[in-house]
Amino acid sequence: MLRVENLQLTLNGKSIINDLSLHVNKGEIHGILGENGTGKTTIAYLIMGVNNYKPTGGRMIFEDENIADLSVSQRAKKGITLAWQEPAKIEGLTVRDYLKLGGNNFGIEQVRYYLGTVGMDPAQYLDRDIDSTLSGGERKRIELASVLAMQPKLAILDEPDSGIDIVSLPFIMNGIVEMNRRGSSVLLITHNEKVVEIAHRVSVLCAGRILMTGAPAEMSQWFKDNCRKCLHINVPEY
Amino acid sequence: MISYSVTKEYQGMVDAYEKAGGDRSALLNKEVAKLVVHGNKVLSADGVSGIKIETKETKTGVNIYFLVKEGAKIKHPVHLCFGVLPQEGLQEIILKVNAQDNSEINVIAHCIFPNAVKVIHKMDADIEIGNNARFNYRETHYHGEFGGIEVIPKAKIKVGKGGVWQSTFVLTQGLVGKLDYDFEVFCQEKAVAELVVKAYGKKDDDIRVWEKIHLDGMGARGLARARLVLTDRAKGEVRGETYGNAPYARGHVDCIELVNGKEAVARAIPIVSVTNEKAKVTHEAAIGSIDKKQVETLMARGLDENEAVDVIVRGILR
């Protein structure tokens, strides 16, 4: 479904993404496991085309089409979407309306269902704005519910577990599994090896490059043994 | 020049009122108090039990005395409709409001100027909210696309002990023209004041908003909020002032101005002042272009850029 080939991103003369190649198969949850500063969010931004990130080399092929020159909207209309690590706050936009933005013509019962899937009481949240009156964890769960509602072909989830309390984490995981069960492929980006237990395959990221790809248990163990104590980081300087 | 016969004025105002989002049936409902003023003519003035509305036509407008009797809880919102339908005109509204102790009322005002090329609409209000009374006032403007209108609403509001004043002024349809909004509230003990202004400036619109809240009584609370969106060459200036003059008074000034265009100009001048050591007043102001992350968040759900901006603007002005 998604083939990233020899992707490069250089910012201010510094190589951020370095010859990165990655395949996400149709129907797959593909985990990317990397420490802070290894380029996880940059990959998400490059595939979605946000934050003015444009590859300086390589290709991103989605369903046999190079998407590098497409706008964010065009990519979304092809079925790609992103759940941000820190979701935006938008005053005056209700949870109800945010979940219905994805263009699927569904009713309020579906909206309730998606909120329930991530453990949120619809009666409490439907008419609230997605603004600063919600906690970070609440916004993250709403972000995931909105991706669920969009029913994308490929969902890029940038650290869906960060800022989530231990009680809410199972709801996040449930939402991801449900998303996949409903037909979405998932690129699950995280630094938490527990989270990628639900993935079919996992790639380990280091300094803007995929080091290896394999079974979740094997990759998690390798990550714990090697990456936790390593200082290979690659942080954009702006 | 459009001309209107007197017999058609009421129908014209009702039609324009409905087009501006007003509830036509409310103007026909005998249980609903209402006042319809076109230029300097009072076309309809109906009170209900607990409310007294007196009007006097002047050369340039109407003097209005609006009384809500002590203890009256008015079931249905009162509908006010002011407007000038021809291209040119002057409408000066002198409004005196007395909401007596323990009364409760919601007032919805629609101000309609769909054809204005050279129109001035002024309102000078003197408002007294009694002890433990609640007054909610929402004023929505509907302007046409010519921009030839000057709107000058000014009000001085005194809120008695435990009383509540909430007002929302909305000017988002059509061109603003020139807006000079000036509301000042004085709050006694445990009184609450909330001033909200929302305006959408386009082309050469010129918007000035001045919200002042004096928290003079112990435990009084105030919120001065403004939301402006400015495009093209529109200018906006918001001055939000809150004065904490009594123990445990709490106030907040909150201003967001979005600039969507290279020639639009936004200014914010928050003034927070405390003269009592136990009072606390805070402010926040955000001025700038529309947040790119917000736009991209919505684009990632399939909206194109213009649609995303529209959702954000509508949200801010909702």
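User: Start with A:L148. Is A:L148 buried or exposed?

Analyst: This is a predicted model, so every value here is computed from it. A residue counts as buried if 20 or more other C-beta atoms lie within 10 Å of its own. A:L148 has 25 other C-beta atoms within 10 Å, so A:L148 is buried.

User: In which helix does A:L148 lie, and which residues does A:L148 touch?

Analyst: A:L148 lies in helix α6 of chain A. Residues up to four places away in sequence are not counted here. The residues that A:L148 touches are A:Y114, A:T117, A:G175, A:E178 and A:M179.

User: What separates the C-alpha atoms of A:L148 and A:N18?

Analyst: Along the chain, A:L148 and A:N18 are 130 residues apart. Their C-alpha atoms are separated by 31 Å.

User: Which residues of α6(A) and α7(A) meet?

Analyst: A:L148 is part of this contact. On the α6(A) side it joins A:R141, A:L144, A:A145 and A:V147. On the α7(A) side the residues are A:F171, A:I172, A:G175, A:E178 and A:M179.

User: By class, what residues has the contact of α6(A) with α7(A)?

Analyst: Gly counts as polar in this scheme. By class, the contact of α6(A) with α7(A) has seven nonpolar, one polar and two charged residues.

User: Are α6(A) and α7(A) roughly parallel or roughly antiparallel?

Analyst: The axes of α6(A) and α7(A) are 10 Å apart. The helices pack at an angle of about 10°. Angles under 35 degrees count as roughly parallel. That angle therefore makes α6(A) and α7(A) roughly parallel.

User: Which residues of α4(A) are buried, and why do they line one face of the helix?

Analyst: Helix α4 of chain A covers residues 108–117. Its buried residues are A:V111, A:Y114, A:L115 and A:T117. Seen down the axis of α4(A), these buried residues fall within an arc of 160°, so they line one face of the helix.

User: Which helices do the buried residues of α4(A) pack against?

Analyst: Two of the contacts of A:L148 come back here, A:Y114 and A:T117. Both are among the buried residues of α4(A). The partners of the buried residues of α4(A) are α3 (95–100), α5 (122–125), α6 (136–150) and α7 (169–181) of chain A.

User: Which residue just after α4(A) takes a positive phi?

Analyst: The phi in question is about 75°. It belongs to A:G119.

User: How many residues of helix α1 of chain A are buried?

Analyst: Helix α1 of chain A runs over residues 40–48 and is mostly covered. Among its buried residues are A:K40, A:I43, A:Y45 and A:M48. After α1(A) comes A:G49, with a positive phi near 85°. The buried count for α1 of chain A is nine of nine.

User: How many helices and strands are there in chain A, and why is chain A as compact as a globular protein of that length?

Analyst: Chain A has eight helices and 12 strands. The globule rule gives 18 Å for 238 residues, and chain A is close to that, so it is as compact as a globular protein of that length. Of those residues, 45% count as buried. The radius of gyration of chain A is 17 Å.

User: What about chain B: how many helices and strands, and what radius of gyration?

Analyst: Chain B has four helices and 19 strands. Of its 318 residues, 51% count as buried. The C-alpha trace spans about 50 × 50 × 35 Å along the principal axes. The globule rule gives 20 Å for this length, and the radius of gyration of chain B is close to it, at 20 Å.

User: Which elements of chain B give two or more residues to the side that touches chain A?

Analyst: The contact takes 19 residues from chain B and 19 residues from chain A. By class, the chain B side has seven nonpolar, four polar and eight charged residues. The elements of chain B that give two or more residues are α3 (292–299) and α4 (305–317).

User: Where is B:N276 found, and which residues is B:N276 in contact with?

Analyst: B:N276 is found in the loop between β18 (265–274) and β19 (280–289) of chain B. B:N276 is partly exposed, with 16 other C-beta atoms within 10 Å. Leaving aside neighbours within four places in sequence, its contacts are B:G244, B:N245, B:A246, B:P247 and B:A249.

Definitions and conventions:
Residues are numbered from 1 along each chain as its sequence is written. Chains are lettered from A and ligands numbered from 1 in the order in which they are written. This is a predicted model: local features need pLDDT of at least 70, side-chain atom pairs count only at pLDDT 80 or more; totals for chains, interfaces and linings use all residues. A residue is buried if 20 or more other C-beta atoms lie within 10 Å of its own, exposed if 12 or fewer, and partly exposed in between; C-beta atoms are placed from the backbone. The arc is that of the directions from the helix axis to the C-beta atoms. Two residues are in contact if their C-beta atoms, placed from the backbone, lie within 7 Å. Axes are lines fitted to C-alpha atoms, for helices over the stretch in contact, and angles run from 0 to 180 degrees between N-to-C directions. Angles under 35 degrees count as roughly parallel, over 145 as roughly antiparallel, 65 to 115 as roughly perpendicular and the rest as oblique. The radius of gyration is taken over C-alpha atoms; the globule rule is 2.2 Å times the number of residues to the power 0.38.
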